[in-house]
Amino acid sequence: MTTTTNPVPQKSLRTDDTIRMQRWLRTPAIPFAKAWWGRQAKQTRTGLAVAAIFAIAGTLSLCASLSRPGQVDAAKATGSAALTQEAYAPDAGKQGSGPKETETFTVTGHWRVDWIFSPSSSAGGVFQVYIYSADGRQLMNLAANSQRGGSDTTFWAGPGTYFLRINSSGGDWKIGVQDLH
């Protein structure tokens with residue numbers, strides 16, 4: 001007994017898929033969605049299209065960031081805390097006169113130091129703010145240095161735990177630290 005099989009030609013498979021797609025497009029949901037879309041004002045359709053583009057872009061961005069879990073920060077790889085001043089944009093605050101130190105504070109990456117200095121005489125005074133690592137052994141940088149009154153903000157990048165040492169004479173001051181998560 002002999003059996004033969006006739007393979008289905010590729011052309012008929014495409015026709016079958018096309019027929020299935022045409023049937024699917026005729027399901028009640030598709031004409032309903034087309035009718036609903038047609039009833040919307042032009043501004044509404046434009047707004048929905050823009051919202052859809054943003055939703056797709058956000059989803060793609062999230063997927064791209066999740067696909068790179070193995071990246072390591074250079075500071076973590078070397079084992080040292082890198083601290084660099086930033087040109088632009090943690091909260092420990094203190095005010096007083098004379099030299100003082102803040103409590104330790106922990107920042108997650110980007111942070112700033114805000115300060116105000118008011119000298120008690122027109123001759124001026126001294127106001128300096130130093131950033132130290134939490135253990136107090138390493139001076140990281142100078143956040144402020146002023147002999148006249150005024151206020152300013154310095155921006156920093158470098159996660160870690162720090163404290164500020166204020167060197168001041170001849171005036172009152174106020175200082176604040178803000179973590180910019």
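Trainee: How many aromatic pairs does the count come to?

Mentor: The count comes to 9 aromatic pairs, taking rings of Phe, Tyr and Trp (its six-membered ring) as paired if their centres lie within 6.5 Å, with planes under 30 degrees apart called stacked, over 60 edge-to-face and the rest tilted. This is a predicted model, in which local features need pLDDT of at least 70 and side-chain atom pairs count only at pLDDT 80 or more, while totals for chains, interfaces and linings use all residues. Residues are numbered from 1 along each chain as its sequence is written, and side-chain values use heavy atoms, leaving out hydrogens and water.

Trainee: What makes Phe 105 and Trp 111 count as buried?

Mentor: Buried means under 20% relative accessible area (exposed is over 50%, partly exposed in between, with a 1.4 Å probe and protein chains only); Phe 105 is at 6% and Trp 111 at 0%, so both qualify.

Trainee: How do you know that the charged end of Arg 165 sits over the ring of Tyr 132?

Mentor: The rule asks for NZ of Lys or CZ of Arg within 6 Å of the ring centre and within 35 degrees of the ring normal; the charged end of Arg 165 is 4.3 Å from the centre of the Tyr 132 ring, and it is listed as sitting over that ring.
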